[in-house]
Amino acid sequence: MTPPPPHASHSSADDDDSAEVGSRRTGESGLVVVESSGPGVDSIICTVRPPHDPSSVGRIRREIVADLQAREMPDELVDEAELVASELVTNALRHARPLSDGTIRVRWKIRGEVVEVEVTDAGGDTVPHPAPRTVWLSSGRGLRIVRSIAHEWGVTEDRTGTVVWATLGGPSRRRAN
């Protein structure tokens, strides 16, 4: 696996999560990417904290695509990660509150040719679930799309909020609750 290209600009992110330690770089989208080793050999975790704002959707898509392409991941996997990230981030922005610092947390974890995308927010009024099938809805299909693409997906809670995750390219080590 080829690492992403180095970036000249480095800055620090405003993190309240001490687990987000590692090398920091300014990514293709201008967001600060924290990259750290994950559990196991060839396991990498990239984290960004974009604002809880609609403009973040495109920035996240660009960041994930650029990172996975730089690592020479298969094109189909890159396309799937882009779509899943877009849907999960959009849902977090539409249906949930921001984290305490006004952001959401987006992580993509890479193990071999498996990518797990997760989005953490401060939760909403309901638990995320796929909308029922209907031809009349103009929205609400995001998690149905995620479910159809992902090998696995789920919703968990961590100390900061609700985490919605999806695994692409193969099984993850976690299971939906």
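Modeller: A166 in β7 has W153 standing opposite it, where a strand is a DSSP run of E with at least two residues, numbered from the N terminus. The model is predicted, so local features need pLDDT of at least 70 and side-chain atom pairs pLDDT 80 or more, while totals for chains, interfaces and linings use all residues. Residues are numbered from 1 along each chain as its sequence is written, and side-chain values use heavy atoms, without hydrogens and water.

β6 and β7 run antiparallel and are joined by 6 bridges (strands pair if DSSP finds at least two bridges between them), and these two strands form a hairpin that leaves 4 residues between them. β7 also pairs with β5, again in the antiparallel sense, over 7 bridges, and here V163 of β7 has T120 opposite it.

As for burial (under 20% relative accessible area, with a 1.4 Å probe and protein chains only), 7 of the 7 residues of β7 are buried. Both faces are covered, with T162, V164, A166 and L168 on one side and V163, W165 and T167 on the other.

Across in β5, which spans residues 114-121, lies V119, itself buried with a relative accessible area of 2%. Leaving aside neighbours within four places in sequence, V119 has contacts (heavy atoms within 4.5 Å) that include T162, V163 and V164, along with L88, V89 and A92. V119 and W165 are 46 residues apart in sequence, yet their C-alpha atoms are 6.4 Å apart in space. V117, with residues up to four places away not counted, touches V164, W165, A166 and L168, among others including R107 and W108.

Note on methods:
Buried means under 20% relative accessible area, exposed over 50%, partly exposed in between (1.4 Å probe, protein chains only).
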